[in-house]
Each structure stands twice: as structure tokens, then as C-alpha cells.
Amino acid sequence: MFYRCKNCGGNVLFDPVKKKMVCDSCHSEDSGQLISQEKLHICNNCGAQLELKDNVLAERCPYCKTSIILEDRMEEEYRPDLVVPFAIDRHTAAQKLLDNFKNKLFLPGNFCSAASLEHMEGMYVPFWMYDLCAHVDFEGEGKKIRVWTEGDYECTETKYYRVSREFQANYDKLPVDASPERDDGLMDLLEPYEYEELIGFEPEYLSGFSADVWEESKEQLRPRAEQKANRFSEEYLREMTSEYDSVSADHGGHKIIENTERGTSYAFLPVWRYVYGYGGKNYEFYVNGQTGKTIGAPPISKGKAFGMSAALFASLFFCLRMICFFLEVL
């Protein structure tokens, strides 16, 4: 399927800034007419055969650039329950990258140039979102240590306490990305999203962006969700025992964390991806499509680094010559 403008026939796309459908040609708003998929993986706009990976749900036609959504891949368990729509456009995402990295030493001069930014891609990444109930039962030993000085002696007093804590914590919508093509660590770094803005999924949010369906099941990824919940539970436990200098479950104690699943949702979260080629290597950068948070590691311009090193060496050489000159005069 794709969205055709009723006024001019152009491609109608979702505008993150206006938060509505806007024609890419005449810029009219809410003028989209849904054109359903007539033949599998055929562009309904130009008739071209679409050769896409099996996991691709939304993409631009490589010939006419129409934003295509594959209806047959958006059925049953592959249709998302929820979505966080894009809130920032390509221009804003590029500015976020520049603002974040502009003070980096030796940044290549054409980083985020207009030409390279044409390849910045807005994508919806599939996530499983888990609702978990954690039960934490801890029993161990706490220490309070006091140190003072008496004359020439340093004195230490250690008091031991039996510590017992038991509590329950509910975690709603813990996100775990379900695409093996996306690095788990990088997707975690893009968090948090403002999850109160999760809304029911509608296909028009995909128009103008790429999207993949999940390839890793919620059963496969539940251990990662539990790891996240366990980290939060550990933090709560540390807060509840913060009056002690140290706490451990040694000497017959225990720490038990049990997680019970209360529900799972399938959601799409927005990400801008920018690939910058430099020195024969590609550097990937990601921007949270809702909050603007950026991650990535820019390359070092060898020319700038060499130039600065040469300038520094010349300055040091001049200073040494001046010192030698004054010493000779004296």
C-alpha cells in the first residue's frame, strides 16, 4: 500500500513536526488516499518489482521513491500493537548530531554535509515491551563503620547488623529490540523514550520511513527484559539499604529476584540512522526519533590532527630557540 495525494497524485508522508500526513509534492495536509497492494511486492505507483529482504515492512521504491508499505507482512502477529511516532524530522536530527559532536577535536570538515545527510534514514525499529512484576527477597549482613583518631592511634569500630528486605516492583513496557540487525547495546543507549506517548499503531505512521518486522520472538528476548528488570530491582534494594556502609548476602543470607510476566506488547520506536564514510570505513550514528538523543563515535581527521601537531611542534621549536637565544645573551 501507499498513500496518494487526492489533489496532485503525489506521495503523502507522515510529517513528524506537523504530526499529520502531508503531500511531498503540493504540501497539502490530510489529503492522502490509501492505495492498496494489488500484487505482492509490486510498486502500485510505477509497477516495478520490489526485491526486498523478508523482514522489510516499509521502504521506498528504488525506482520512483514512493513510500511503500507491504500489507502482506503486516498481518496477525507481525502487526504492531503500539508505536511512538517520529517527533523530529531529518533536519532536526542532523542538527542534533552537529550540536553533539561539533566540539570534538579533529572532526572531518564534511561531517554532516548536505550531500552525506541525504542518506540519513528514518526507521522504525521493532521492540517487544514487557510488563513484569518483580518479587525481591533479601537477607544478609550490613556493616556500619566509624573511624576516628585518639592520639597517635587510628581507631575503627565496625557494627554488624542482620538486614532483611522484601518488596515487589511492577515494571511497565520494558523495551527490548527485536531486530538482530540492530546492535542491542546501541539501541539500549538510545533509551529512554517518553513511553507515555505510545499510541495505537496505524499504517500511516510508516509512510516516509523504513520499518522491519520482528525476527526474534518475545520468548527468545524475555531473558534480556528480565536482566533490565533485575538491574532496576538491584538499584531499589541499594536505596532501601543505603544507611549501611556495605551490605552483602554472605554468611547464610540470600538474594532472590523472581519476575512474573504480566503482559507483552509489540511496538515500533523511531530512530534516525546516519552512516558517514571516511577513510574507507563506515561510521554509524543514531538519533532517537522522539527525544533527539544521539549516539556514535566520529572519526578523526588525519589532516587536522597532523596540522595541529605540526603547529604545536613549530611553536615548541620556536620557544626552545628563544630560550637558547636568551641564554646565549646572558
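This is a predicted model: local features need pLDDT of at least 70, side-chain atom pairs count only at pLDDT 80 or more; totals for chains, interfaces and linings use all residues.
A pair of aromatic rings is described by the distance of the centres and the angle of the planes. The structure holds 18 aromatic pairs, one of which joins Tyr161 and Tyr244, whose ring centres are 5.6 Å apart and whose planes stand at 55 degrees, a tilted arrangement. Because Tyr161 belongs to strand 9 while Tyr244 is in the loop between helix 4 and strand 12 (246-248), this pair ties together parts of the chain that are 83 residues apart in sequence. The two partners can be described by their accessibility as well: Tyr161 is partly exposed, with a relative accessibility of 30%, and Tyr244, at 15%, counts as buried. Another pair is made by Tyr266 and Phe268, and since their ring centres are 5.8 Å apart with the planes at 75 degrees, this pair is edge-to-face. Tyr266 and Phe268 are both buried, and both belong to one aromatic cluster that also includes Tyr78, Phe86, Tyr124, Trp128, Phe201, Phe209, Trp214 and Trp272.

The charged end of Lys144 sits over the ring of Tyr161, at 5.2 Å from the ring centre, and Arg146 lies over the face of Trp148, with 4.0 Å to the centre of the ring.

The next topic is pairing between charges. Side chains of opposite charge can pair when their charged atoms come close. In this structure there are 20 salt bridges, and one of them brings together the side chains of Lys53 and Glu181, with a distance of 3.9 Å from N to O. Lys53 is exposed, with a relative accessible area of 54%, and Glu181 counts as partly exposed at 36% relative accessibility.

A salt bridge between Glu191 and Lys228 has its closest N and O atoms 2.6 Å apart. Glu191 is found in the loop between helix 3 and strand 10 (199-200) and Lys228 in helix 4 (residues 218-240), so the pair ties together parts that are 37 residues apart in sequence. Both partners, Glu191 and Lys228, are buried. They also take part in a network of salt bridges that links them with Asp177, Asp184, Asp188 and Arg224.

Arg273 and Glu284 form another salt bridge, in which the closest N and O atoms are 2.9 Å apart. Here Arg273 is in strand 13 (residues 254-278) and Glu284 in strand 14 (residues 281-288), and the two are 11 residues apart. Glu284 counts as partly exposed, with a relative accessibility of 35%.

Helix 4, which holds Lys228, can be checked for its length. With 23 residues at 1.5 Å a residue, helix 4 should span 33 Å, and because its end C-alpha atoms are 32 Å apart, the model agrees with that expectation. Which residues of helix 4 are buried? They are Leu221, Arg224, Ala225, Lys228, Ala229, Ser233 and Leu237. An α-helix has 3.6 residues a turn, so residues three or four places apart point the same way. The elements that cover the buried residues of helix 4 include strand 8 (121-150), strand 9, helix 3 and strand 13.

Asp250 is in the loop between strand 12 and strand 13 and is partly exposed, at 45% relative accessibility. Between Asp250 and Glu141 there are 6.8 Å from C-alpha to C-alpha, although they are 109 residues apart in sequence. Thr156, in strand 9, is partly exposed as well, with 48% relative accessibility. Its C-alpha atom is 5.7 Å from that of Arg146, a residue 10 residues apart from Thr156 in sequence. Leaving aside residues up to four places away in sequence, Thr156 touches Ile145, Arg146, Val147 and Trp148, and in this group Arg146 and Trp148 are the partners already described, with Arg146 over the face of the Trp148 ring.

Notes
Residues are numbered from 1 along each chain as its sequence is written. Side-chain values use heavy atoms; hydrogens and water are left out. A salt bridge is a side-chain nitrogen of Lys or Arg within 4 Å of a carboxyl oxygen of Asp or Glu. Buried means under 20% relative accessible area, exposed over 50%, partly exposed in between (1.4 Å probe, protein chains only). Helices (H or I, at least four residues) and strands (E, at least two) are DSSP runs, numbered from the N terminus. Rings of Phe, Tyr and Trp (its six-membered ring) pair if their centres lie within 6.5 Å; planes under 30 degrees apart count as stacked, over 60 as edge-to-face and the rest as tilted. A charge sits over a ring if NZ of Lys or CZ of Arg is within 6 Å of the ring centre and within 35 degrees of the ring normal. The expected span of a helix is 1.5 Å times one less than its number of residues. Contact means heavy atoms within 4.5 Å.
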